[in-house]
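Welcome, and please open the structure in your viewer. We will take a short walk through it, one selection at a time.

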Amino acid sequence: MNERVAVVGYKQTKHTFDSPVARERMIYELVKSLFKDLGITRDDIDTFIFASNDFTDGRTISEVYTVPRIGSFMKDETKVEADGLNAALYAYMRILSGLYETALVIGFSMAGSEFRVPLTQAYTLDPVYERPRGIINFYSTAALQASAYMKKYKFTDEDLARLTVKNLQNANNNPYAARKEPTISVEDVLNSKPLYLPIRQAHVSAYADGACAVILSSKKAAKKFTDTPVWIDGVGHSMDTYYIGDRDLLGMEHLSAAAKKAYKMAGIKNPKKEIDFAELHTNFASEEPVFAEAMGLFKPGSGKDVVKNGDSGIGGALPVNPSGGPLGANPINATGLIRLAEASEQLRKEAGKNQVKGAKTAVVHAQDGPGAQLNTVFVVRR
Amino acid sequence: MPGNVVRARVPITFSYKNRVGHALEQYINGLKEKKILGVKCPACKKVYVPPRTVCGKCHKPIDQMVEIGQEGVLKNFTTAHVTIANGEITDVQQPYIIGLIKLPGASSLISGIIKTSSVPEVKTGMKVKAVWKETTQGDYNDLAYFEPA
Amino acid sequence: MKRNVAIISVGYNGRFVSKRPDINIPELIQPAVDTAIGKTKLKHDQIEAYVVGNMHTFEGINQPHLWASDHFGGSKKPVMRVATGGSTGASVYQAAYYHVASGMYDVVMAIGWEKHDEGDAQVGLMGILLPEAFSLFNFGPDMSEDRGVAGLGGGGSTGGAAFQAMSYLTKAHAGIEHIDRVAAMMRSNAAKNPYAHLQQPGCTEADIAKTPIISYPLRYGHTCPTSCGAIAMILVSEEKAKKFGITDRVAWVKGLGSGASDATTGNIIEGQITDPAEQYMCKVVAKKVYSMAGIKDPRKDIQVAEVYSGFSHQDLMWPERLGLVDEGKSPEMLDKGAFAIDGELPLNPSGGVTSTNAIGASAMVRVGEAALQVMGLAEGGHQVQRKIENVVAHGWGGLFQFVTVTVLGRTPVKK
């Protein structure tokens with residue numbers, strides 16, 4: 001068995017709302033240039049794991065035509081049908097088993113141009129209760145969660161707008177982000193189109209065309225790829241029950257359990273102190289304080305103070321989504337994996353304008369399902 | 001060099017006939033009689049709405065249907081300015097309220113539309129009651145909405 | 001040092017059937033899970049993690065495990081979804097294996113299912129090619145991207161499989177009667193498996209030959225049914241198996257592997273149509289898996305095979321590609337009775353996929369049936385009576401391009 005697994009290479013596309021190339025070429029060029037950067041060939045990779053989804057790809061068995069595009073032709077290959085961070089989790093397990101030394105993980109979708117995101121989300125709801133009733137969907141679930149948080153902790157619409165602007169400013173300095181709104185103000189967010197209040201259009205993540213590829217390796221094999229590996233020291237994943245009326249929308253016991261497991265593996269006792277920054281997969285801006293608190297990064301209900309003090313900003317006590325997060329780009333299936341790539345970039349001090357100073361330990365998160373029913377958490381260290 | 005990718009529409013819609021299942025079928029039949037049904041776990045005594053055939057906590061199969069009260073407390077709500085159907089987000093003329101309601105006898109909160117004379121009137125903690133269609137036919141619309149009790 | 005992993009229990013939801021209008025998908029999964037747990041002394045809460053999968057475009061529900069969370073026990077538990085087309089079930093099981101082999105978990109459940117009565121499987125399968133088909137209609141064929149254009153001629157998946165069947169028959173100097181014969185054998189094997197869908201006791205070559213041709217050389221009788229069913233398996237670490245005191249009643253995972261080729265339904269590469277019956281990937285994966293399992297001569301060391309054959313000609317093709325039979329010699333083996341339940345290499349004692357096909361379950365059913373054979377627990381007369389040391393289970397998916405191979409055995413590989 002291998003004892004430690006590292007992120008040794010990563011690359012994401014420049015995400016867009018209307019990709020100039022088809023998905024096959026998008027992932028082919030991404031992986032090819034990642035290989036070139038690292039000076040490796042596909043023969044240096046033992047196993048390839050896709051993160052894609054038949055519904056977001058609009059076809060049955062979504063990887064049928066993508067296999068050769070990432071170099072996995074006649075190679076060991078499989079597919080996780082969830083966010084890419086789950087594929088990274090599977091790759092991590094495969095390497096830990098000792099049967100593989102290296103793995104390439106890729107997540108992608110054309111969420112900006114090729115399908116209506118709410119339609120794939122509707123297909124994610126059960127077909128016989130929520131779907132025909134038409135009341136509960138990904139948006140209204142997020143709104144009910146946001147509303148519960150805001151009422152309980154006196155978190156105002158203005159606080160939420162400030163938090164949105166914080167992320168969009170970060171996204172503006174992120175060369176990969178699709179959504180660029182450099183001049184957006186708190187007022188703009190407050191006045192943006194109401195959807196399911198308190199959720200407005202400006203709070204919604206930027207569903208985009210894009211891909212992210214990450215290479216993981218055993219400690220033994222890491223030297224071949226890089227001198228600055230980023231170690232995956234803790235992982236956890238957990239799922240909640242399905243019906244929203246049975247969930248604890250604020251406590252998010254399942255997310256909290258996944259985070260605790262990852263912290264325990266990484267030997268982290270006090271995440272508030274020991275974690276230097278977080279990259280969270282938020283489909284809506286309002287999810288940020290809820291997730292961060294469930295993950296033990298801030299005191300429950302502290303969202304208002306965190307926004308006021310700028311604690312989650314790049315210069316703050318515990319920056320959250322210094323990349324801008326999914327508010328800047330949310331290419332479904334790649335989004336959580338991008339969090340891992342962004343965290344690795346930060347830890348290697350390659351994050352440019354968004355660099356968090358002195359960052360050594362990060363927590364990375366991904367979600368699937370309505371209201372983040374399934375969550376995956378990684379702790380990574382330089 | 002690549003660029004200007006040409007996109008072809010696939011003008012085909014797949015059709016499905018998804019099965020309602022044992023527990024929900026009874027729930028829908030209950031609606032026809034203007035009843036809200038849940039299932040009670042024999043082990044932990046929790047009552048789930050909508051009903052299902054298992055308790056997710058105790059992993060015990062459950063089939064004991066119980067009737068739920070129809071007047072309860074609004075626990076949480078959102079004011080909707082849009083609807084989502086067929087993946088399209090469409091504006092509505094009149095904003096409406098989607099609420100999570102605690103009905104007596106149920107452990108689950110039930111989601112539903114809240115109708116009031118004006119939106120600002122809605123507050124969490126207010127009492128609401130189920131309003132039924134005059135003639136029920138055994139579908140989800142039979143339970144039309146909730147209104148202040 | 002590798003961590004040994006064992007399959008300790010296999011559960012079905014019941015007999016696989018065409019239609020289950022009385023239940024929904026979560027209710028289909030639930031009894032399989034309960035059966036798998038019920039066969040052990042485990043309590044439900046002792047399952048530490050789940051890996052699940054199906055082909056969700058068939059039923060039109062994206063990631064249906066979210067809805068089914070309570071029904072299989074996944075609420076507040078780690079759950080991972082894996083899907084790779086026809087090989088989904090085996091890919092799910094392999095992911096469950098790595099959950100344990102990684103040292104992260106000791107008791108993991110793998111679940112695969114399909115409920116084909118909720119959609120149209122052939123329409124679902126056409127979904128593989130629809131985007132390609134419509135760009136072809138709109139813009140003409142794009143040969144530079146070596147698409148599976150030949151497959152478009154057939155419709156559904158039989159169209160693609162017919163190319164493979166024709167190529168296989170030519171290579172093996174065999175005729176359609178061999179496909180009839182092996183199809184008949186599978187349907188009569190299925191009659192000895194209480195969970196199989198199409199059970200036809202005493203089914204003969206003549207019975208199959210009566211069925212109409214769909215796409216030559218494949219007849220209706222050579223194709224699989226669309227079934228509703230679910231399978232759940234429990235995998236544990238060697239330490240746990242010892243702790244439970246059941247090391248002699250389990251199936252050890254000795255070797256496993258997966259591989260992917262390009263979509264091989266008649267690809268055009270450098271002006272040549274590739275041969276969908278070659279299945280080079282299967283040979284490569286099998287070789288790797290045998291080496292991991294410490295098997296030097298698969299013909300001697302493997303006693304039973306469960307192969308994934310959506311079409312009956314594949315029941316002849318796969319044993320060859322898996323190195324169990326010389327290339328082109330399967331028809332001869334069939335004719336001398338070697339593939340029968342009491343033959344020298346029992347092939348699909350369960351009746352195989354041509355008798356039962358709930359797609360997301362099928363490739364795991366191969367592994368589950370292999371485990372039951374190793375444990376001596378196959379019910380209803382399809383248990384192979386001679387001594388079994390190793391069984392190979394195989395799966396394929398996509399456009400004849402993904403392959404999974406597993407060897408299960410009575411004794412674990414020495415560390």
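This is a predicted model: local features need pLDDT of at least 70, side-chain atom pairs count only at pLDDT 80 or more; totals for chains, interfaces and linings use all residues.

Residues are numbered from 1 along each chain as its sequence is written, chains are lettered from A and ligands numbered from 1 in the order in which they are written, and side-chain values use heavy atoms, with hydrogens and water left out.

**Stop 1: the sheet in chain A.** Select the nine strands of the open, mixed sheet, ordered E3-E2-E4-E7-E1-E8-E11-E10-E9 in chain A. Helices (H or I, at least four residues) and strands (E, at least two) are DSSP runs, numbered from the N terminus; two strands pair if DSSP finds at least two bridges between them. At the edges, E3 (76-80) and E9 (277-279) of chain A each pair on one side only.

**Stop 2: one strand pair.** Now pick E8 (residues 230-239) and E11 (residues 374-381) of chain A, antiparallel strands joined by seven bridges. Click Gly234(A): its bridge partner in E11(A) is Val379(A).

**Stop 3: two helices in chain C.** Show H3 (residues 88-101) and H14 (residues 359-375) of chain C, whose axes come within 5 Å and cross at roughly 60°. Axes are lines fitted to C-alpha atoms, for helices over the stretch in contact, and angles run from 0 to 180 degrees between N-to-C directions. Where do H3(C) and H14(C) meet? Val92(C) and Tyr93(C) are among the H3(C) residues there, and Met364(C) and Val367(C) among those of H14(C); contact means heavy atoms within 4.5 Å.
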